[in-house]
Amino acid sequence: MNKILIANRGEIARRIIRTCDRLGIETVAIHSEADGDLPYASEATEAILIGPNPVAQSYLQVDKIIEAALASGADAIHPGYGLLSENAEFARKTEQAGLIFIGPSADIMEKMGDKIESRRTMIQAGVPVVPGTEEGVHELEEALAKAEAIGYPVMLKASAGGGGIGMVRCDSEQALSQQFVSVKNRAKAYFRDDVVFLEKFIANARHIEVQIFGDKHGNIVHLFERNCSVQRRNQKVIEESPSPHLPQDARLRLCEAALQAARAVGYTNAGTVEFIVDEKNEFYFLEMNTRLQVEHPVTEQVTGYDLVEWQIDVANGKELPPQDSIQSHGHAIEFRIYAEDPKTFFPSPGKLESIMWGQDARIESGYEQGNAVTPFYDPMISKVIITGSDRIDAIRKSQNFFNHATITGVKTNIPLFKEFVESQEFVNGDYATSVLPKWLEKTKEEQGL
């Protein structure tokens, strides 16, 4: 593999370029008109304008991206995360064009991308699954009957959904009636598929995921777990590894279940098996992400492995190391820095007039000072990954980091993190997915807002 086209933008494109540079592999960046001056476009070996600003006319143009890869002489395409990373058609067309797709096969994507199908597959494999419907729910009357049988509260979800989109909690028949058509329409708009299903809402649950990898020789390994329970609008904003307050026996069972899930579909390359974990440390399969995750750096920090390099090696046919050679040391926490109002979470596009980071952190950023965060794409500016000898050390470093970090020109969630990392709710580590909304509500009450 001598040249890789990166079918992505911003932070993850820079991350892939860095590994490729170290391995002596040339890179091809694609960019929209809005992204031409971002760092990744100049850091790649070459850059190609792929289209105008709207994502549907640029980064989602499957045929144009493959044509660009062939014209540039690339051997392979790395999809990054988001955008086309879990698009089976893209993976299939890439391989049909004689290029290597750095990710799992299209067949695996199709099986695990449909959440109803993935639930069936996990049930057959003996992996615990959240109680819910095993078929799509098409009419409101059917949804109401199923929800009554499952018991409120329930989660109404898009079968083809992801990233917290097309997912809403319904606490009553009235709520489900109000949300049903809206969620179906949202699913149709985002995923071109309006099929929805229901799952039991697990109270006080933690969202814990396991990083898995499979090679072309039948070997499948895990790289331990990440706790992703600090969320806003069902989207992760803080992730850490190892997961606090998770007994070792539960950790081992969780990782083994993830391997069981991966074996059930003959998984290859990087993937993540996501679970909901209840107050008794019983866990249930949530979904499998057939790509590299935004939060993969925390796993890199505690294991010492470069997961992008592993992806390239697996795509090249190399074998993975044995499970017993993979160890975890220390503690890592990732914070996603967004250009958004920290009170409303509404995007805050604009020019990054100044950026000042704290110390003792790994910064993965799609921007430099002077760049503009445009309204066309996800407003994540950077990821801050802080590693300590243990969780206490990592938290201390995090607190010090946010005491010195500032960005001007746009609103960001840095002020939120500065307060939250000092809170008892975060410091004690015994938190569920409701922790951030509850903490924000408590903070408002204390401030008389």
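1. Let's start with Thr 272, which sits in strand S12; strands here are DSSP runs of E with at least two residues, helices are runs of H or I with at least four, and both are numbered from the N terminus. Thr 272 has 0% relative accessibility and so counts as buried, a word used for under 20% relative accessible area, with exposed meaning over 50% and partly exposed in between (1.4 Å probe, protein chains only).

2. A word on what you are looking at: this is a predicted model, in which local features need pLDDT of at least 70 and side-chain atom pairs count only at pLDDT 80 or more, while totals for chains, interfaces and linings use all residues. Residues are numbered from 1 along each chain as its sequence is written, and side-chain values use heavy atoms, with hydrogens and water left out.

3. What surrounds Thr 272? Leaving aside neighbours within four places in sequence, its contacts (heavy atoms within 4.5 Å) include Glu 209, Val 210, Gln 211 and Ile 212, as well as Arg 226, Glu 287 and Met 288. With Arg 226 there is also a side-chain to side-chain polar contact at 3.5 Å. That term covers a pair of N or O atoms within 3.5 Å; within protein, one must be able to donate a hydrogen and the other to accept it, and residues adjacent in sequence count only if both atoms are side-chain atoms.

4. Now the sheet. It is open, has 8 strands in the order S13-S12-S9-S10-S11-S14-S19-S17, and its pairing is antiparallel; two strands pair if DSSP finds at least two bridges between them. At the edges lie S13 (283–289) and S17 (362–365), each pairing on one side only. From one strand to the next, the twist averages 25°.

5. S12 (residues 269–277) and S13 run antiparallel and are joined by 6 bridges. Phe 275 has Phe 285 in S13 as its bridge partner. Helix H11 (residues 307–315) packs on the sheet, where it touches S9 (206–214), S10 (220–232) and S12, and its direction makes about 40° with that of S9. Angles run from 0 to 180 degrees between N-to-C directions, and axes are lines fitted to C-alpha atoms, for helices over the stretch in contact.

6. How do H4 and H5 cross? The axes of H4 (residues 88–96) and H5 (residues 106–113) come within 8 Å and cross at roughly 175°. The two helices are therefore roughly antiparallel, the term for angles over 145 degrees. Ala 88, Ala 91 and Arg 92 of H4 meet Ala 106, Asp 107, Met 109 and Glu 110 of H5. By class, the residues of this contact are 4 nonpolar, no polar and 3 charged; Ala, Val, Leu, Ile, Met, Phe, Trp, Tyr, Cys and Pro count as nonpolar, Asp, Glu, Lys and Arg as charged, and the others, Gly among them, as polar.

7. Finally, some backbone spots worth a look. Most residues other than glycine have a negative phi, and most peptide bonds are trans. The bond from Tyr 152 to Pro 153 is cis, with omega near 0°, and Pro 153 is in the loop between H7 (140–150) and S6 (154–162). Ser 241 to Pro 242 is cis too, with omega near 0°. Pro 242 lies in the loop between S11 (235–241) and H9 (248–264).

8. His 245 lies in the loop between S11 and H9 and, although not a glycine, has a positive phi of about 55°; at a relative accessible area of 48%, His 245 is partly exposed. Asn 269, in strand S12, has a positive phi of about 70° and is buried at 2%.

Note on methods. Parallel < 35°, antiparallel > 145°, perpendicular 65-115°, else oblique.
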